[in-house]
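Hi,

Here is the structure I promised to pass on. Have a look at it first, and then read on for what turned up.

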Amino acid sequence: MHSMAKTASSSAVVVEVSGRRRGQRILLVDDNPNNILLTRELLSSRGYEVASVDSAEAAQQAIQKQPPDLILLDVVLPGKSGYELCRELKEDPFTRLIPVVMITGLTDRGDRIRGIEAGADDFLSKPIFPEELFARVHSLLKLKEFTDELESVEVVLFTLALGVEARDPYTEGHCNRLSVYASSLGRHLQLDEESITALKRGGVLHDLGKISIPDEILKKGADLTPAEWGIMKQHPIIGENICKPLKSLRRVLPIIRSHHEHWNGSGYPDGLRGHDIPLLARILQVVDVYDALRTTRPYKPALGHEKSRQTMEAEANMGLWDRELVQEFFTMLDQQQRAA
Ligand SMILES: [Fe+2]
């Protein structure tokens with residue numbers, strides 16, 4: 001009994017200390033000064049850094065200036081409502097991972113349903129009980145810490161991928177261009193948002209596995225010996241293995257693994273054919289080929305747009321690429337050119 005009480009009190013200390021040490025910041029959005037005063041007092045007593053604003057518009061400015069680790073948001077505000085603000089925050093990739101706790105009336109179930117629809121992470125009812133407030137804030141901040149860590153792992157992988165690109169001076173800017181082309185083609189094909197995000201990431205990460213390919217092979221260009229080819233052909237599998245542990249990249253894995261497959265089954269690493277090659281990998285492949293044709297490489301000069309089109313159509317007819325996708329890609333580029 002005694003030891004349990006001791007454990008409980010020491011964990012409370014951990015919460016307090018970790019709140020202080022990490023300087024976790026909470027933004028209160030409420031137009032009632034008494035509520036703000038009380039909540040601020042409670043949270044400050046636990047070591048959290050607290051800022052407050054009295055409208056959704058002021059909240060947006062504050063968040064832009066310095067994104068908080070958590071937002072406590074009253075649903076009833078002058079001007080833009082808490083629901084609207086929550087929805088906007090959850091739609092914006094830069095703020096969607098900040099947990100939002102909505103503060104609603106005690107009895108109104110409708111409030112909660114609207115809050116869930118707006119993407120709120122949790123709810124508190126008025127009047128706010130301190131223990132409930134601490135529990136909610138603590139658990140959401142723990143989750144936020146975890147997503148922050150995941151985000152930084154992703155950032156490391158992206159940085160490594162750009163480092164791989166930098167080893168080859170001929171491919172400068174290639175990854176970023178692929179991200180843009182591939183996600184545009186995904187939009188043109190009306191794919192869902194998750195696929196488009198995967199294409200953006202795939203543009204940067206698809207050749208990450210080249211990190212294990214020695215410079216002398218990577219920089220040699222086209223004249224590789226069979227043994228060197230064997231090593232080069234490993235890069236899709238190595239890249240997939242590096243990214244595999246990250247759940248957030250699961251939609252990118254098929255792009256990494258299958259971006260060197262050919263429509264007729266002559267590609268690597270699995271010799272997949274036709275529609276067995278994942279669609280997102282086929283999309284990345286089409287834009288990858290186009291960008292490679294349009295830029296100078298050690299073994300060839302850059303081709304113009306029309307010449308690249310003819311080359312890709314001929315290669316698609318030979319069985320290398322998905323003919324339909326090649327057509328769609330050039331239709332999209334034509335449309336973009338007309339719109340410009
Ligand atoms: Fe590759």
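The largest nonpolar core of this predicted model holds 37 residues, and those touching the most other members are Leu 205, Cys 243, Ile 283, Met 312 and Phe 329. At least two residues of this core come from each of helix 6 (130-166), helix 7 (174-188), helix 8 (193-205), helix 12 (253-258), helix 13 (279-294), helix 14 (305-317) and helix 15 (323-339). Helix 13 is the biggest contributor, giving eight residues.

Leaving aside residues up to four places away in sequence, Leu 205 touches Leu 157, Phe 158, Ala 161, Cys 243, Leu 249, Val 252 and Ile 256. There is also a second, separate core, made of 20 residues, with Leu 27, Val 53, Cys 86 and Val 100 among them.

Now for the chain as a whole. You will find 15 helices and five strands in it. Its radius of gyration is 26 Å, whereas the globule rule gives 20 Å for 340 residues, so the chain is more spread out than a compact globule. The C-alpha trace spans about 70 × 50 × 35 Å along its principal axes. Of the 340 residues, 45% are buried. Among contacts with a separation of 6 or more, 61% are between residues 24 or more positions apart.

Last, the surface and the charges. Carbon and sulfur atoms account for 56% of an accessible surface of about 18000 Å². The chain carries 42 positive and 49 negative side chains, and the centres of these two sets are 2 Å apart.

Happy browsing, and best wishes

Notes
Residues are numbered from 1 along each chain as its sequence is written. This is a predicted model: local features need pLDDT of at least 70, side-chain atom pairs count only at pLDDT 80 or more; totals for chains, interfaces and linings use all residues. Side-chain values use heavy atoms; hydrogens and water are left out. Helices (H or I, at least four residues) and strands (E, at least two) are DSSP runs, numbered from the N terminus. The radius of gyration is taken over C-alpha atoms; the globule rule is 2.2 Å times the number of residues to the power 0.38. Buried means under 20% relative accessible area, exposed over 50%, partly exposed in between (1.4 Å probe, protein chains only). Contact means heavy atoms within 4.5 Å. Accessible areas come from the Shrake-Rupley method with a 1.4 Å probe; for residues, only the protein chains shown count as cover. Lys and Arg count as positive and Asp and Glu as negative; His and the chain ends are not counted. The place of a charge is taken as NZ of Lys, CZ of Arg, CG of Asp or CD of Glu. A nonpolar core is a set of buried Ala, Val, Leu, Ile, Met, Phe, Trp, Tyr and Cys residues joined through side-chain atoms within 4.5 Å.
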